[in-house]
Amino acid sequence: MPRDCSVRGRALGLAVRLRFFTLRLAMAENPSNLSHALSELPVGFHRRRFSAEGGVGFDAFIWRGGPGPVVLVNGATHGDEYEGPTLLRLWADRWRPGRLNGTVVFVPVLNEAAFFAGQRCAPVDGANLARVFPGTADGTPTERLAHLFDTQLLAQCTHYADLHSAGAAYHLKPWTGYVTHRAAITRTQRAMAACFDAFWVWAGPYLPGRTLSAAFARNIPAIYVECQGLGGVDAGDLRNLDRGVRNLLRWAGVTKGAAPRLRSQKVRITRDVDEAHLQVHHPAPVDGLFVPHAALDRRVRRGAPLGRVLPLDGTDGHVVRAESTGRIILIRRQRSVRRGDALFTLAPV
Ligand SMILES: [Zn+2]
C-alpha cells in the first residue's frame with residue numbers, strides 16, 4: 001500500500017468511508033449554526049476568518065451580490081500546491097466587479113498548517129485533509145478543519161471547485177474532474193468542468209474523504225482541477241485557471257456577459273474506482289533513488305519499462321514497468337522514494 005502522508009491518515013480515511021454511509025442527506029445549514037451566514041451579509045466585498053478550536057481556521061474573501069448561485073472555490077487543500085492560492089489571492093486584491101447575480105467565495109489557502117510547512121499534509125497530525133472529510137468538530141486538527149469547511153462554508157454554496165496540483169513531489173498533465181453522481185448533478189458538473197477548457201477531463205466514481213465527497217453528500221455540484229505542480233506556479237497554468245474561473249462565473253450567471261465560447265476537451269469517464277486514485281499506481285518496490293526513463297505525456301504499452309529504483313546499498317536496481325497501456329499523466333519528480341510511494345499514473349487518453 002503506497003504511503004499518503006501517514007498510516008494514521010489512511011486509518012482516518014477508512015473511518016470516514018464507514019461514516020459516509022451514515023451521513024445525513026444534503027440540506028442547507030440552519031443560519032443560526034453559521035458563524036458567517038452569507039445570506040445575511042450586505043452586498044459588497046468582505047474578508048472573513050472562519051475559526052475552530054485550537055487555532056484551526058482559514059481566511060475567506062466574499063463578493064456578496066444579489067440573489068443567485070453561491071460559487072465557492074478554494075486552493076491549498078494540500079499545502080504544497082500553489083497555483084490555486086496564487087490565483088485566488090490575486091483575485092482578492094484586484095477583482096471589484098459591479099453588481100453580481102449571486103455570491104462568490106474564495107478561500108486561497110484552506111490548509112494553512114500544511115501550507116506554512118510547505119507540505120502536502122499538516123505536520124501536527126500527519127493527516128491528509130483530502131481523506132478526512134466531512135471531519136468532526138472534536139477530532140484532530142485536520143478533522144476539525146474539514147468539519148469547519150464542510151459545515152460553515154460548503155453547506156452554503158450551490159457550486160464548488162477545489163483547485164489542486166501535483167505539489168512539490170510530482171509533475172502532471174493538467175486536468176479537471178468530478179465524481180459521477182446522479183444524472184442531473186453529473187450534467188452540471190460536466191458543464192462546470194467544460195469551463196476549464198484548457199484542461200482535459202477525468203471523471204470517476206466516488207472516493208471517500210475528499211472535499212468532493214462532502215459536496216457529493218450534500219448534492220452540491222463540484223469539480224476539482226489539477227495543475228502541473230513541480231513545487232511552483234507555471235504561468236500557463238495560472239492563465240488557464242484564471243480563464244476557467246471567469247468562464248465558471250459567467251456560465252453560472254453570477255457575472256454578466258455572453259456565455260463563454262469554450263474549446264472542446266478530451267474526456268475520460270471511468271467506472272474504475274482506482275483509475276484516478278493517484279496514490280495507488282506504480283508503487284516504488286523499495287526505498288532508494290528513483291531514475292525515471294519515461295517522460296510526462298508519453299504513451300506507453302503495458303509492461304514497458306518506465307524507470308528504476310536504485311537501493312542506496314548498491315544492490316541491483318528494480319525496474320518499474322507500465323501496469324497498463326496508456327499515457328503518462330503523472331510522474332514523480334522527487335528522486336528520493338520510500339517503498340510504496342507512487343511513481344507514475346497512466347490514463348487511457
Ligand atoms: Zn492536492
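## Strand pairing around β14

In this predicted model, Pro305 has Arg321 of β14 as its bridge partner. Strand β13 (residues 305-310) pairs with β14 over 4 bridges, in the antiparallel sense.

These two strands belong to an open sheet of 4 strands, in the order β14-β13-β11-β16 with antiparallel pairing. Because β14 (318-321) and β16 (336-337) each have a single partner strand, they stand at the edges, and one side of each is left without a neighbour in the sheet.

## Overall fold

The chain contains 7 helices and 17 strands. Its radius of gyration is 20 Å, and the globule rule gives 20 Å for 349 residues, so the chain is as compact as a globular protein of that length. The C-alpha trace spans about 65 × 45 × 35 Å along its principal axes.

Buried residues make up 46% of the 349 residues of the chain. Of the contacts between residues at least 6 apart in sequence, 70% join residues at least 24 apart.

## Domains and their contact

The chain divides into domain 1 (7-269) and domain 2 (281-347). The centres of domain 1 and domain 2, taken over C-alpha atoms, are separated by 30 Å. Domain 1 puts 9 residues into the contact, and domain 2 puts in 9 residues.

On the side of domain 1 that touches domain 2, strand β6 (residues 170-172) supplies the largest share, 3 residues. By residue class, that side of domain 1 consists of 6 nonpolar, 1 polar and 2 charged residues.

## Nonpolar core

In soluble globular proteins, nonpolar side chains tend to be buried together. Here the largest nonpolar core has 91 residues. The residues with the most contacts inside this core are Ala60, Val71, Leu72, Val105, Leu154, Cys157 and Val225. Strand β2 (residues 56-64) gives the most to the core, with 6 residues. Domain 1 (7-269) and domain 2 (281-347) both give residues to this core, so the core lies between them.

Leu154, one of the residues with the most contacts inside the core, touches Leu72, Phe149, Tyr160, Ala214, Ala215, Arg218 and Ile220, leaving aside residues up to four places away in sequence. Among these neighbours of Leu154 is Leu72, which is also listed with the residues that have the most contacts inside the core.

Definitions and conventions: Residues are numbered from 1 along each chain as its sequence is written. This is a predicted model: local features need pLDDT of at least 70, side-chain atom pairs count only at pLDDT 80 or more; totals for chains, interfaces and linings use all residues. The radius of gyration is taken over C-alpha atoms; the globule rule is 2.2 Å times the number of residues to the power 0.38. A residue is buried if 20 or more other C-beta atoms lie within 10 Å of its own, exposed if 12 or fewer, and partly exposed in between; C-beta atoms are placed from the backbone. Two residues are in contact if their C-beta atoms, placed from the backbone, lie within 7 Å. A nonpolar core is a set of buried Ala, Val, Leu, Ile, Met, Phe, Trp, Tyr and Cys residues joined through C-beta atoms within 7 Å. Domain bounds come from an automatic or database domain assignment. Ala, Val, Leu, Ile, Met, Phe, Trp, Tyr, Cys and Pro count as nonpolar, Asp, Glu, Lys and Arg as charged, and the others, Gly among them, as polar. Two strands pair if DSSP finds at least two bridges between them.
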